[in-house]
Each structure stands twice: as structure tokens, then as C-alpha cells.
Amino acid sequence: MSDKKVSRPCHHCKSRSASAPTDTSKIHYEKFWLYRHCSSVQQRDRQAQKAGQLFSGLLAMNVVFLGSAFISSMIFNQVAITLADVWILLSILKVLCLLWVIYYLLGTSRQPHAVLYRDSHAGAIWIRGSVLLFGMCSILLNVFQIGYSTILIHCKSRVEIVFPSIGILFICTQAYFLWHHSKDCIQVQHNFTRCGLMLTIATNLLLWLLAVTNDTLHVEIESQLREVERRFAGKAPSPHPRNESTLCTCPNTTICKVFQKGYILLYPFNTEYCLVCCSVLYVMWKNVGRRISHHHVPHTKPKFKLQGVVFGPLLGTAAVIIGACVFMMYQIQATSLAPSRQVFVIYYSYYIVLLPLMSVGAVIGTIIHALEKRELDTLKNPTRSLDVVLLMGAALGQIGMSYFSIVALVATDPRDLLNSLILSYSVLLIFQNITQNVFVIDGLHRRHLTPPGKEEDTKEEQNREAYSQRRVSVLELGQEIRKASLSYIHTYSHLGWKRRVLREISFFLVLCNIILWVMPTFGAHPVFENGMERSFYGYSTWFVIVNFGLPLGVFYRMHSVGGLLEVYVTA
């Protein structure tokens with residue numbers, strides 16, 4: 001029997017596959033040498049798929065362990081393994097990934113019957129937009145690194161110029177690949193594609209690990225410089241394990257200072273870029289060889305519309321504005337020679353007010369989900385499964401840091417004003433993460449409910465689309481604005497109270513998570529500055545805890561925005 005099976009083309013395939021005749025739309029069943037004697041073609045296909053996933057996963061595991069060993073050796077023994085050695089290893093991995101991606105773009109994806117199916121749930125516009133945004137920031141980061149190393153070429157190696165140059169090519173190629181092919185369910189060269197995807201995932205994980213450790217070193221050096229400044233100012237410095245001096249310092253020129261400051265400012269975006277790429281690549285890996293039935297494709301895909309919500313945007317905008325003011329106030333004070341105690345009180349007080357509101361909203365939303373009559377969506381969906389895993393895993397960063405803070409504060413002086421605020425903040429943060437995860441995960445598993453008056457909305461949408469295709473005059477534009485306002489009022493008045501509350505809560509939580517993502521991403525790190533936990537656990541130990549937990553917390557806020565938007569559009 002042939003290893004190909006005739007399959008009907010579906011409407012979610014690529015245009016060249018959907019329009020092809022029946023004899024060209026064929027599926028390549030997977031083969032593996034361990035299961036070549038299976039009696040059933042379907043059984044051989046399933047076993048080969050599991051074996052391919054196993055071997056590609058083992059490849060990624062070995063690459064990650066090798067790179068982690070290099071990075072750990074660089075941290076603990078900088079004489080035997082230097083940062084340049086780690087850069088050389090990562091450059092080799094980047095080149096291998098570049099070769100595979102180019103082969104996929106020019107070879108694999110262009111083969112006949114290569115992409116018969118595309119996963120409509122994978123590669124959402126917000127996550128692909130995040131790849132582009134963080135990718136551009138990472139490219140700018142590498143440009144700053146090249147400029148900074150070029151100015152200091154007399155005391156820096158050429159590897160510090162070659163590594164970011166390869167990084168720019170890697171980021172551009174990977175971003176293009178993920179933007180155009182994140183939905184692919186590849187049907188040819190299964191094992192080679194899985195190994196290429198896993199190698200790229202492992203490379204991004206190692207780049208994230210290196211970025212975290214380098215960010216740790218930068219913050220450590222900055223904190224030590226402040227300790228020296230405080231010592232000259234006559235204040236007692238807090239303990240730290242070592243006091244290093246750099247022989248290669250930036251000259252007193254404007255361009256060098258710009259490169260240095262831009263390099264430090266853009267560092268968090270590089271960590272986020274690596275994590276987002278890993279999540280998209282993992283979904284592609286799960287979709288290799290996947291055949292999607294037409295029942296899995298929704299007939300009407302929900303779109304984001306800002307109709308039917310009033311209080312959520314108002315409260316969320318207020319939270320964003322107040323948070324931005326608190327953030328700027330904190331940044332101005334924290335970057336001074338001696339940050340005042342009052343700025344920490346204001347910062348933590350803002351969180352203590354906002355986190356309970358977010359928790360109450362998530363609890364109310366979960367209760368409404370329980371009261372709804374929508375059934376759970378039990379269809380296989382790798383994207384949704386990954387979203388759940390990422391939400392639960394990324395939340396462990398903030399939850400873990402909060403528990404470490406609780407132990408340190410209870411053991412020292414919990415009755416102090418600042419300590420009591422930090423203690424309340426840590427407890428509320430744990431509760432908020434848990435309640436928000438329950439609300440988002442429950443909402444992601446709900447089936448899309450067709451809203452009442454869908455026919456009228458569809459007609460209005462068709463009229464708007466037809467209207468947008470022809471040129472309009474100023475008078476017609478004014479009439480259209482009036483119709484849009486009346487449509488907004490009509491939609492808000494006809495929404496059921498359950499759906500209305502869900503949309504209000506979801507939009508409020510979206511804006512809150514955005515400001516809670518912006519504040520730590522752009523430099524608000526009070527856990528580095530207040531000194532409470534650092535003096536309890538020790539300088540090095542607390543830095544290790546924070547620099548692994550903080551990037552996960554930032555990624556959690558960003559990923560929560562995507563999940564909450566999904567809940568909003570399906571409400």
C-alpha cells in the first residue's frame with residue numbers, strides 16, 4: 001500500500017493547496033525505521049510521530065545542557081571559560097539555525113503538498129506583533145553593542161563585534177520565518193523539521209539564559225557603584241561579596257554614553273524576545289504532521305471590537321495613568337544618590353490598591369463563567385495547551401519571589417511600615433496571580449458563543465466594508481460617524497449582563513497587566529533597591545533569585561494580556 005493518502009482540501013489550507021485538484025492534495029504519512037513493520041499505516045504514522053518528537057526533544061535537551069554548562073562555567077570560573085567562549089558556541093548554534101530556516105523557507109515549505117493545513121489558533125496577531133516589536137528592540141540592542149565595542153576596540157575582542165552581527169541576521173531571519181510560517185502544519189520532512197525547530201528553541205533558551213546572567217552582572221555592577229558612592233557620602237554600605245573594577249571604561253563622549261545607556265535600557269526586551277520565540281516555535285513543533293479536520297476550524301472567527309465596554313476602559317486607563325506617574329516618580333528618585341524611603345512607600349501602596357481590584361475582578365469573572373451555559377471546548381488545540389502551561393509556569397516567577405520575601409520580612413521586622421507594605425504586596429501578588437490564572441484559563445476553554453443580534457451586526461459590518469471600498473465626501477463621513485455612535489449605543493444596550501461584565505473585567509485586566517508589564521520592563525526594580533531581602537539572603541543569593549524570577553514575571557504580564565484579549569473577544 002502506498003504511504004500517501006488522498007485527502008479533501010479544506011478551506012483553511014493555503015490557496016495553492018485549496019485550489020488544487022484532488023489527485024495533488026495528498027498527505028505524506030510519517031515513517032520511522034523502528035516501526036517499519038507495523039501492520040497498519042495509521043499505527044505506523046502515530047508511532048513515527050511520537051518517535052520523531054522524542055528524538056528531537058532529546059536533541060534540544062542535550063544542546064540546552066551543553067550551553068548551560070558553558071554559561072555556568074563562565075559564571076563560576078571565568079578563567080577557564082570566558083564570555084567569548086560562550087559567544088562562540090552560541091554563534092555556531094545561530095549559524096546552524098540560520099541554515100535550517102533558510103532551507104525551510106526555500107526548500108521544505110515550497111515542496112508539493114508541504115503545507116496542506118494551517119492552524120488558525122496558532123500565531124495570533126498579538127504574539128506575532130510581539131515578535132516584531134521585541135525583535136526590532138533586540139536588533140537595536142545589537143547595534144548599540146556593536147557601536148560600544150567598536151569605540152572600545154582597543155580593549156575588547158573582535159568576538160564582541162562578530163557575535164551581535166550574527167545576532168542581527170538571526171533575529172531578522174527568525175522574525176520573518178515566524179511571521180509568515182507560524183501557522184504551518186508541515187506534512188513533509190517531519191523529523192528534519194522537528195529537529196530544526198527544537199534546535200532553534202534550544203538556541204533561544206540559551207540566549208535567554210545568557211541575557212539573564214548578563215543582566216545580573218550589569219545590575220550588580222551598578223549596585224556596587226552606588227554602594228561606593230554611599231560610602232563616600234558617609235553612609236554605611238550594605239554587604240556584597242566582591243568589588244570588581246573594570247579596566248575597559250567608556251570614554252567621556254556623548255556617543256559612547258548613548259550606546260551604553262541604550263544597551264542597558266534595551267536588555268529586558270531581548271529576554272522577552274527569546275521567550276516569545278520559544279513559545280511560537282513550540283506550537284510549530286507540535287503542529288508538524290498534524291492534520292486538521294474542518295470541524296476544528298471556526299466558521300466565524302471573533303474579532304476585537306471596542307463596543308459594549310465603558311467602565312473597564314475608564315478604570316484601566318486611570319490605573320495606567322496613575323501607574324505611569326508612580327513609575328516616573330520612582331525612577332527619578334531611585335536613580336539618585338540616596339533614594340528616599342517615601343518613594344518605596346508610594347510604589348508599594350500603588351500595588352496594594354491595584355492588586356485587590358484585579359483579584360476581585362478575576363473572581364467575579366470566574367463566578368460568571370460558572371453561571372454561563374457555554375460548554376467547554378474539548379477539541380485538541382496545541383496553542384491553548386501551551387498558553388495554559390506558560391501562564392502557570394511564568395506565574396511561578398512572581399510567586400516564588402513573593403514567598404522568599406514573605407519569609408525574609410516575617411523573620412526580621414514585619415511591624416515596620418515599609419516592611420509591612422512589602423509583606424502585604426507579596427501576599428496580594430500571590431493571590432492575584434492565582435485568581436487571574438483561574439479566570440483566564442477557564443475563559444480560554446469556553447466555546448465561542450454567538451451573540452444575540454448577530455445577523456444585524458453582520459449586515460452592519462458588510463455595509464461598513466462596502467462603504468470603505470468607495471470614496472466618501474465630508475458629509476458622508478459625518479453621517480458614518482453618527483451611525484457608528486448609534487451602533488455603539490445599540491450594541492452596549494443589547495449585550496447580556498454576563499457578557500457585558502466579562503468584557504468590562506477582561507478589558508480592565510488587560511490595561512492593568514500592561515502597566516504592570518511596563519514598570520519592571522523599563523527599570524522599576526524595587527527588589528534591588530530596598531535592601532530588605534538582600535541583607536537577609538545575601539547579595540549573590542538574592543540576585544540569583546530575582547534575576548530568574550523577574551524575567552518570568554515580566555513574561556507573565558505580557559502573556560496574560562494575550563490570554564485576556566482572547567477571553568474578551570470570545571465573551
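Predicted model: local features only at pLDDT ≥ 70, side-chain atom pairs only at ≥ 80, totals over all residues.
User: How many of the chain's contacts between residues at least 6 apart in sequence join residues at least 24 apart?

Analyst: It's 85% of them. Contact here means heavy atoms within 4.5 Å.

User: What does the accessible surface come to?

Analyst: About 28,000 Å², with 66% of that belonging to carbon and sulfur atoms. The areas come from the Shrake-Rupley method with a 1.4 Å probe, and for residues only the protein chains shown count as cover.

User: Which residues form a nonpolar patch on the surface?

Analyst: Leu54, Phe55, Leu58, Met61 and Phe65 do, with about 500 Å² of accessible area together. Patches take residues with over 30% relative accessible area and no salt bridge, joining like charges within 9 Å and nonpolar side chains (Val, Leu, Ile, Met, Phe, Trp, Tyr) within 5 Å. Phenylalanine 65 is in helix 2, residues 41-76, and counts as exposed because its relative accessibility is 55%.

User: You mentioned salt bridges. How many are there?

Analyst: The count is 1, where a salt bridge is a side-chain nitrogen of Lys or Arg within 4 Å of a carboxyl oxygen of Asp or Glu. The side chains of aspartate 416 and arginine 341 make that kind of link, at 2.5 Å from N to O. The pair ties together distant parts of the chain, 75 residues apart: aspartate 416 is in the loop between helix 11 and helix 12, and arginine 341 is in helix 10.

User: Switching to packing: what's the angle between helix 12 and helix 18?

Analyst: Helix 12 (residues 417-444) and helix 18 (residues 539-570) pack at about 40°, with axes 9 Å apart. The axes are lines fitted to C-alpha atoms, for helices over the stretch in contact, and angles run from 0 to 180 degrees between N-to-C directions. The crossing of helix 12 and helix 18 is left-handed, meaning that the near helix is turned anticlockwise from the far one by less than a right angle; clockwise would be right-handed.

User: Which residues meet there?

Analyst: On the helix 12 side they include Leu429, Gln432, Phe439 and Val440, and on the helix 18 side they include Tyr556, Ser560, Leu564 and Val567. Gln432 also turns up in another pair: its C-alpha atom is 9.1 Å from that of leucine 357, 75 residues away along the chain. Leucine 357 is in helix 10, residues 341-371, and is partly exposed at 48%.

User: What about serine 130, buried or exposed?

Analyst: Serine 130 is buried, because its relative accessible area is 10%. Serine 130 lies in helix 4, residues 125-151, and beyond neighbours within four places in sequence it's in contact with Gly135, Val276 and Met558.

User: And asparagine 530, what does it touch?

Analyst: Phe344, Tyr348 and Ile422, not counting residues up to four places away in sequence. Asparagine 530 is in the loop between helix 16 (526-529) and helix 17 (532-537), and is buried at 11%.

User: Last one: which residue other than glycine has a positive phi?

Analyst: Glutamine 189, with phi near 50°. Most residues other than glycine have a negative phi. Glutamine 189 lies in the loop between strand 4 (184-185) and helix 6 (190-232), and is partly exposed at 27%.

Key:
Residues numbered from 1 in each chain as written. Heavy atoms only, no water. Helix = DSSP H or I, 4+ residues; strand = E, 2+ residues; numbered from the N terminus. Buried < 20%, exposed > 50% of the residue type's maximum accessible area, 1.4 Å probe, protein only.
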